[in-house]
Amino acid sequence: MTWNTDESPTALRVLAVDDEKPALDELVYLLSTQSGVGEIHRAGESTSALRLLRAHPIDAVFLDIDMPGLTGMELAGILSEFAEPPAVVFVTAHDDHAVAAFDLGAVDYLLKPLRAARLAEAVRRIVAARVSVQAATPPEPAHPSEVIPVELGGVTTLVNRADVAWVEADGDYARLHTGTGSHLVRIPLSALESRWEDAGFLRVHRSYLVALRLVTGLRSAGTGTVVCLRAEGAAGAVELPVSRRQVRELKQRLVHGPRQNWSQR
């Protein structure tokens, strides 16, 4: 069941989690009376909460600690690994977990029986934290995709970085692989690595630089690992080797990187 109270675009989307129905009902009701709280989801245990978190954008989670299966602490630990974790507020009858709660990054720690005034203070803290983050993060300016001039037989062709799927070292030069073919440029792979890192390219091997937006997965190959790139334009899918020391960074970039923006840079 989902409640909708404040329908303003800045209203918090929250999730209430408690395995005791009377306590959950009370928490949902008190949240519905709070200014600044909009959509309210509810879950009776952590597994259901995780399903809701994957299905809906949630700004804040209000959760009990002592629950069957995953405890509130364990759930908060999982949430802390999200690329964009929701704010967490513990609502519990136990006063001996506060230190651990704040170590997990909890915004607040509320004791049962819950008081509306105390809940209002927790909501204010969440809103203040969101405003602070937004103020500290100026909007990112739009960066036009870099264009690389390629000379061949007296003809200069302009290759857009956004069209490059992967780059291969070719001696002191680099070969750009695009959906329409490959292009040799007089630029070392190391130079492109540093210039294109913020545009979503990663050096996965001493000989290869790949566009993360095209990565479809990793797989084991013998004693090593290869990265799989989807087809782009007329070019087919390709698999490239990943050096052992780059596997971890590649996985982290794939999980946490803002891939939805890379093709715009």
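Author: One term to begin with: buried means under 20% relative accessible area, exposed over 50%, and partly exposed in between, with a 1.4 Å probe and protein chains only. The model is predicted, so local features need pLDDT of at least 70 and side-chain atom pairs count only at pLDDT 80 or more, while totals for chains, interfaces and linings use all residues. Residues are numbered from 1 along each chain as its sequence is written, and side-chain values use heavy atoms, with hydrogens and water left out.

Reader: Is Leu-114 buried or exposed?
Author: Leu-114 counts as buried because its relative accessibility is 10%.

Reader: Where does Leu-114 lie?
Author: In the loop between β6 (108–111) and α5 (116–136). Helices (H or I, at least four residues) and strands (E, at least two) are DSSP runs, numbered from the N terminus.

Reader: What is Leu-114 in contact with, leaving aside neighbours within four places in sequence?
Author: Glu-26, Leu-27, Leu-30, Val-91 and Leu-119. Contact means heavy atoms within 4.5 Å. Ala-23 is 91 residues away along the chain, and its C-alpha atom is 9.1 Å from that of Leu-114.

Reader: What about the peptide bond from Lys-112 to Pro-113?
Author: That bond is cis, with omega near -5 degrees. Pro-113 also sits in the loop between β6 and α5. Most peptide bonds are trans.

Reader: New topic. How do α2 and α3 pack?
Author: Helix α2 (residues 46–55) and helix α3 (residues 72–79) have axes 10 Å apart, at an angle of about 25 degrees. That makes α2 roughly parallel to α3. Angles under 35 degrees count as roughly parallel, over 145 as roughly antiparallel, 65 to 115 as roughly perpendicular and the rest as oblique. Axes are lines fitted to C-alpha atoms, for helices over the stretch in contact, and angles run from 0 to 180 degrees between N-to-C directions.

Reader: Which residues meet there?
Author: From α2, Ser-46, Ala-49, Leu-50 and Leu-53; from α3, Leu-75, Ile-78 and Leu-79.

Reader: Last one. What is the order of the open sheet of three strands?
Author: The order is β14-β15-β16, with antiparallel pairing. Two strands pair if DSSP finds at least two bridges between them. β14 (215–221) and β16 (238–242) are the edge strands, each pairing on one side only.

Reader: How many bridges join β15 to β16?
Author: Five, with β15 covering residues 224–229. For Thr-225, the bridge partner in β16 is Val-242.
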